[in-house]
Amino acid sequence: MAKVIHLKDIMANTTYEPPCGIFFGINNETVEGAKAVMGLTRSSPDVKNQRHYHNNCNTGQYRIKGPVRLLIGPGFDTVEQDFIPGDFNFIPRGELHSAVGCGEATELVFCYAGVGSLKEAGTVFVEPPKK
């Protein structure tokens with residue numbers, strides 16, 4: 001059955017991927033058997049999140065607000081790419097990625113396809129959180 005999850009009813013998770021605030025709206029905790037993780041990420045103008053990858057899922061993103069510079073690429077071969085409001089981004093399973101802010105507060109919607117929880121996503125951080 002369809003279910004609406006209201007943003008006002010979700011607490012921001014600030015420990016999963018600091019310094020980002022992530023509102024996990026859809027997952028196995030909010031929707032039984034969801035087999036998808038979907039959320040909203042809000043970041044400060046100077047965001048610098050740590051490089052990481054997801055072992056068990058592809059990731060889709062849609063940039064709502066604020067540009068960032070993506071650091072993406074297989075292994076440690078980093079390519080920089082602008083990611084601005086209105087852009088979609090697809091990150092294949094296992095590909096390292098992170099983002100650096102460009103002076104504006106940011107928001108994006110993301111989805112981990114085919115998994116229902118953060119644990120199932122198999123996220124691996126390859127550097128410590130940015131301060």
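How many bridges join β5 to strand β8? Let's find out, starting with how the model was made.

## About the model

This is a predicted model, in which local features need pLDDT of at least 70 and side-chain atom pairs count only at pLDDT 80 or more, while totals for chains, interfaces and linings use all residues. Residues are numbered from 1 along each chain as its sequence is written, and side-chain values use heavy atoms, leaving out hydrogens and water.

## Strand β5 and its partners

Six bridges join β5 to β8 (residues 96–101), and these two strands run antiparallel. Here L70 has A99 of β8 as its bridge partner. β5 also pairs with β6 (residues 79–83) in the antiparallel sense, over five bridges, and I72 stands opposite V79 in β6. Strands are DSSP runs of E with at least two residues, numbered from the N terminus, and two of them pair if DSSP finds at least two bridges between them.

β5 itself spans residues 68–73 and is mostly covered, with five of its six residues buried. Buried means under 20% relative accessible area, exposed over 50%, and partly exposed in between (1.4 Å probe, protein chains only).

## T41 and C20

T41 lies in strand β2 (residues 36–43) and is buried, with a relative accessible area of 10%. Among the residues that T41 touches are C20, I22 and F110; a contact means heavy atoms within 4.5 Å.

The structure holds zero disulfides, a disulfide being a pair of cysteine sulfur atoms within 2.5 Å.

Definitions and conventions: Helix = DSSP H or I, 4+ residues; strand = E, 2+ residues; numbered from the N terminus. Lists of a residue's contacts leave out its neighbours within four places in sequence.
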